[in-house]
Amino acid sequence: MGGNGSRAEAVAAADGLLDDWGGPGGGAAGLGGDVLVDGFGRRQRDLRLSLTDRCSLRCSYCLPQGRVAWLVADRLLRREELVRLTAVAVSLGIERVRLTGGEPLARPDVVEIVAALAGLKPRPELALTTNGLALERLAGRLAAAGLGRVNVSLDSTDPEHYRAITGRDRLDRVLAGLDAALAAGLSPVKLNAVLLRGVNEADAPELLDFAVARGLELRFIEQMPFAAARDWSRATMVTASDILARLGRDHRLTPLVGRGPAPAARAGRSTAARPWSGSSRPSANPSANAVNDCA
Ligand SMILES: C[S@@+](CC[C@H](N)C(=O)[O-])C[C@H]1O[C@@H](n2cnc3c(N)ncnc32)[C@H](O)[C@@H]1O
Ligand code: SF4
């Protein structure tokens, strides 16, 4: 939302919904037939809120290097506007809200936003996708405010590879953030990883071992050709098949079923590995939704 359309447009859209359906808690909204349905006839239960376009990392597949022309503050939804919009969505059957960005923890009032969203009725499940740099400082406060789960983006446990991808030497902070998230009781804590040919494509097994050792869920996301993504080509991208083949050398992979009807899932756009409790055997889902964690 931060990057598309103006704040005024988003707020006007929310107000229009309020007019049409009577507002959150104000009638049949979300209780009967008035639910959000997409063009494929699927009922929508998930909402993603982009809190900011800003980020202190420069992942090569996401942002251009150097100076970025960030949105001026006036283009971002204010906290009360985010909450109003979410209230409307909840009244229309949205059950899960994921905060993303940009880097959502770069938003100064992120804890207050979480607390306000946790106060909605019915209360949505609250999740957040982050680069993890500020989690050591914020995980406890976010959990206390009502955050349930967190996805941390980590493409490599090799400091050089991490720096090559993100442009910054911050691996230690991400690792400290993961510890803080676990200590704060956020659950599940998941890892998102994008593999790049010639950079970290060989790091999948280490990432999996790292995740298994800490009880984290790991998902590999195929690189998508975002506008800022440099060097993307269908011919050289690391595909789900590549990752499954590499992991399959050392691990037995079992397809997961029943992960929902999203078109990206059917297209097999990404893989997910979920460590089995008490075992180093992962199961791999060749059809998880790669789009789910993007802003
Ligand atoms: C856009 S980031 C926003 C949240 C936060 N800054 C983070 O990195 O987790 C959300 C997710 O999108 C992924 N992502 C970004 N650009 C991508 C691309 N071109 N292809 C696939 N995934 C991408 C990131 O790896 C991250 O897991
Ligand atoms: S993927 Fe996340 S951490 Fe990396 S540059 Fe994009 S917004 Fe920042």
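Reply: Around ligand 1 there are 20 residues, of which Tyr61, Cys62, Ser153, Asn192 and Met224 come nearest. The model is predicted: local features need pLDDT of at least 70, side-chain atom pairs count only at pLDDT 80 or more, and totals for chains, interfaces and linings use all residues. Residues are numbered from 1 along each chain as its sequence is written, while chains are lettered from A and ligands numbered from 1 in the order in which they are written.

Me: What makes a residue count as near a ligand, and which residues surround ligand 2?

Reply: The C-beta atom, placed from the backbone, must lie within 6 Å of the molecule. For ligand 2, the surrounding residues include Cys55, Arg58, Cys62, Glu103, Asn131 and Ser153.

Me: How do the residues of the shell around ligand 2 divide by class?

Reply: Five are nonpolar, four polar and two charged. Ala, Val, Leu, Ile, Met, Phe, Trp, Tyr, Cys and Pro count as nonpolar, Asp, Glu, Lys and Arg as charged, and the others, Gly among them, as polar. The shell around ligand 1 has 10 nonpolar, eight polar and two charged residues.

Me: Why is Thr239 called partly exposed?

Reply: Thr239 has 18 other C-beta atoms within 10 Å. A residue is buried at 20 or more, exposed at 12 or fewer and partly exposed in between, with C-beta atoms placed from the backbone; Thr239 is therefore partly exposed.

Me: Where is Thr239 found?

Reply: Thr239 is in the loop between β6 (217–221) and α8 (240–248); helices (H or I, at least four residues) and strands (E, at least two) are DSSP runs, numbered from the N terminus.
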